[in-house]
Each structure stands twice: as C-alpha cells, then as structure tokens.
Amino acid sequence: MPKLTLSDEQVIELVKQLPPESKRVVLLALAKEGEQERDSRMEYAQTQLRSLCAERGLDWDSMSEDQRESFIDDLVHEDRQCDQ
C-alpha cells in the first residue's frame, strides 16, 4: 500500500470534513495514543527519580508525597543542596 504524505494543515482539513461520529473516533484514537505516551513518560520519570534517590541513599517508594515533592523541589533549584 503506498504511503501518502500530508501536511498538518491538510490532515486537519480532512478531519474537519468528516461526519461528527467519525471526528469522535479520530479524537478518541488520538487521546488514547496521548495517554499511552504519557504513561510511558511517567514510567521513565519514576525510574530516573528512583535512581537519583538511590544515589542519595533514599528510597523513592517509601517516601511520603511531601518528601517526594521536597526532593523534586531540591532537584529543580540549583541554588541549594538536595536534602539527604
């Protein structure tokens, strides 16, 4: 099957021509894909945070939500040391 290359604008215009139910199907498919990508990014981020915690003698999984927020806040602010 040949591959068709369209610009973003062309795709948008094609989707606008679809009947409402077909637009809904397209939107749901895009939302599902976005959810899968978000889940993948979250898994990667948690892996990285667990590794950073381990380097500092901390256990991400046993930390409270407040401790996690504080740890991330410390990572974000370059002007101070992370708590250990």
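Predicted model: local features only at pLDDT ≥ 70, side-chain atom pairs only at ≥ 80, totals over all residues.
Residues are numbered from 1 along each chain as its sequence is written, and side-chain values use heavy atoms, with hydrogens and water left out.

I found R24 and E21 in helix α2, 3 residues apart, about one turn of the helix; helices are DSSP runs (H or I, at least four residues), numbered from the N terminus.

I then looked up R50, which forms a salt bridge with D61, the closest N and O atoms being 2.8 Å apart. This pair links distant parts of the chain, since R50 is in helix α2 and D61 in the loop between α2 and α3, 11 residues apart. My search of the whole structure gave 4 salt bridges.

I turned to helix α3, residues 65–76, and noted that R68, F71 and D74 are buried there (buried means under 20% relative accessible area, exposed over 50%, partly exposed in between, with a 1.4 Å probe and protein chains only). They lie on the same side of α3 because they cover an arc of only 125 degrees around the axis, taken from the directions from the helix axis to the C-beta atoms. I saw that the buried residues of α3 pack against α2, where contact means heavy atoms within 4.5 Å.

Methods. Helix = DSSP H or I, 4+ residues; strand = E, 2+ residues; numbered from the N terminus. Salt bridge = Lys/Arg side-chain N within 4 Å of Asp/Glu carboxyl O.
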